[in-house]
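Subject: Handover of a structure and notes on it

Dear colleague,

Please find the structure below, followed by a short account of what was found in it. I would be grateful if you would read the notes with the model open beside them.

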Amino acid sequence: MNTASNLSHAYLDIYERYVDEASFLWLMRSIAINQPHYNVADVQALEARVQAQLDGLMTSIDIAWSLCEKALELNGPGEVFAAAIVAFKSHDAAKIQKVVDAGLVSDATFKGLTSAIAWLPSKVSYPWIQKFLISKDLNHKYLAIALCSIRRENPGEYLGKFLEREDCLQHEKLYTRCLRIIGELKRHDLTPVLNKAIESKDKNTAFWASWSAILLGNKTLVQKMEPYIFTASPHQDKALNMAFRVLSINDARSWITRLSGDAQHIRSVIKATGILGDPHAVDWLILKMREHKYARLAGESFTFITGIDLEKNQLNQDAPEHYEPIPNENAGDEIVAMDDDEKLPWPNATAVASIWKQTGGQLTKGQRYLLGKEINASNL
């Protein structure tokens with residue numbers, strides 16, 4: 001074995017840690033950006049930790065790729081993220097092709113792939129987005145539109161052309177992502193496309209068309225969110241987030257009352273309460289903090305409304321003694337997906353009730369708040 005090979009072997013465990021840490025920290029970041037106790041500085045600090053691992057990988061692309069390529073066999077989104085960074089930084093078409101194929105395996109791996117490409121500097125990602133837009137492969141076009149969505153870059157005339165092509169309309173993921181980006185980028189010129197798609201018998205198509213139309217200002221369509229909220233579906237969270245920001249407070253309360261009539265919807269009720277932002281429901285949330293099954297989610301909604309960070313105000317506590325995290329250390333347990341409430345603090349309901357009694361009078365019941373502030377242009 002030559003000197004270079006000896007060095008590579010000697011540092012292999014370090015690069016393995018880089019891959020593992022980059023994958024895990026990215027997964028943490030993908031969760032953190034939706035949690036209210038992570039502020040901008042917290043997310044930036046977490047992203048800096050991710051970048052530090054990526055910088056380590058870049059010190060030897062060959063070693064990094066050999067390990068990332070092996071990690072791709074796990075079909076995990078974090079592994080795809082790390083591998084995609086290395087592949088696109090290498091400018092090697094074969095590596096890029098392999099990681100793109102890996103990213104298209106599932107919705108989860110696709111998230112890792114798109115996040116990686118969006119993470120890269122524009123000088124690296126932009127030429128590839130252009131290539132994907134003009135590719136004959138419809139999956140590549142879907143990838144390009146998703147990247148434009150994430151980066152908030154207008155695909156221009158390509159969007160309209162895709163929505164006119166029969167083959168693109170038959171590709172469900174491409175079609176619905178095109179419908180979604182119409183609302184995200186405020187493409188009012190494509191409103192007629194949405195109006196037609198809203199009437200589709202396909203629930204996925206109708207959802208994204210309605211969702212985008214609401215973003216374009218047609219708030220009367222909020223009623224279209226109802227079936228996605230009251231029936232478990234892949235769009236339930238998106239529907240909750242849209243509807244309870246658009247509905248009047250009275251209508252929102254009415255929907256929450258209907259949801260609360262079914263025990264299967266309690267998590268949705270807690271989420272909707274936090275999204276609505278009315279402090280009227282805080283006392284109920286504190287009661288839910290005493291139920292282990294809902295405690296952390298209720299704490300999250302409490303923070304969304306009040307802006308009171310549980311950890312920074314020492315209102316959290318250790319996990320209950322009988323609580324077993326998911327995934328756990330049991331190798332025989334088939335549950336490997338991360339707990340939906342992973343990384344959320346466990347609230348101390350008694351302490352939360354005490355501070356709310358002291359500060360609750362500062363918020364007016366019947367008004368909407370986001371993180372303790374009225375929802376207006378200045379605060380947002």
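L371 is partly exposed, because its relative accessible area is 40%; buried means under 20% relative accessible area, exposed means over 50%, and partly exposed lies in between, with a 1.4 Å probe and protein chains only. Please note that this is a predicted model, in which local features need pLDDT of at least 70, side-chain atom pairs count only at pLDDT 80 or more, and totals for chains, interfaces and linings use all residues. Residues are numbered from 1 along each chain as its sequence is written, and side-chain values use heavy atoms, with hydrogens and water left out.

L371 is located in the loop between β3 and β4 (373-374). Strands (E, at least two residues) and helices (H or I, at least four) are DSSP runs, numbered from the N terminus. The phi angle of L371 is positive, at about 55°, although L371 is not a glycine. L370 belongs to strand β3 (residues 369-370) and is partly exposed, with a relative accessible area of 31%.

Together with I375 and L380, the residues L370 and L371 make up a nonpolar patch on the surface, and the four have about 360 Å² of accessible area together. Patches consist of residues with over 30% relative accessible area and no salt bridge; like charges are joined within 9 Å, and nonpolar side chains (Val, Leu, Ile, Met, Phe, Trp, Tyr) within 5 Å. The accessible areas come from the Shrake-Rupley method with a 1.4 Å probe, and for residues only the protein chains shown count as cover.

Q314 also has a positive phi without being a glycine, with a value near 55°. Q314 sits in the loop between α20 (295-306) and β1 (316-317). With a relative accessible area of 71%, Q314 is exposed.

Salt bridges

Side chains of opposite charge can pair when their charged atoms come close. How many salt bridges does a search of the whole structure find? The search finds 16, where a salt bridge is a side-chain nitrogen of Lys or Arg within 4 Å of a carboxyl oxygen of Asp or Glu. Three of these pairs are described here.

R17 and D13 are joined by a salt bridge of 3.9 Å, N to O. Both residues lie in helix α2 (residues 12-32), 4 residues apart, which is about one turn of the helix. R17 is partly exposed at 49% relative accessible area, and D13 is partly exposed at 38%.

D167 pairs with R165 in a salt bridge whose closest N and O atoms are 2.6 Å apart. D167 counts as partly exposed at 34% relative accessibility, as does R165 with a relative accessible area of 33%.

In the salt bridge between E226 and R258, the closest N and O atoms are 2.8 Å apart. E226 lies in helix α15 (residues 226-230) and R258 in helix α17, so the pair ties together parts that are 32 residues apart in sequence. E226 is partly exposed, with a relative accessible area of 24%, and R258 is partly exposed, with 43%.

Helix pairs

Two packed helices are described by the angle between their axes and the distance between the axes. Axes are lines fitted to C-alpha atoms, for helices over the stretch in contact, and angles run from 0 to 180 degrees between N-to-C directions.

How do α17 and α18 lie relative to each other? The axes of helix α17 (residues 249-260) and helix α18 (residues 266-276) come within 9 Å and cross at roughly 165°. The two helices are therefore roughly antiparallel to each other; angles over 145 degrees count as roughly antiparallel, under 35 as roughly parallel, 65 to 115 as roughly perpendicular and the rest as oblique.

Helix α5 (residues 77-90) packs with helix α6 (residues 93-103) at an angle of about 155°, with their axes 8 Å apart. α5 and α6 are therefore roughly antiparallel, and their crossing is left-handed.

Conventions: Left-handed = near helix turned anticlockwise from the far one by under 90°.
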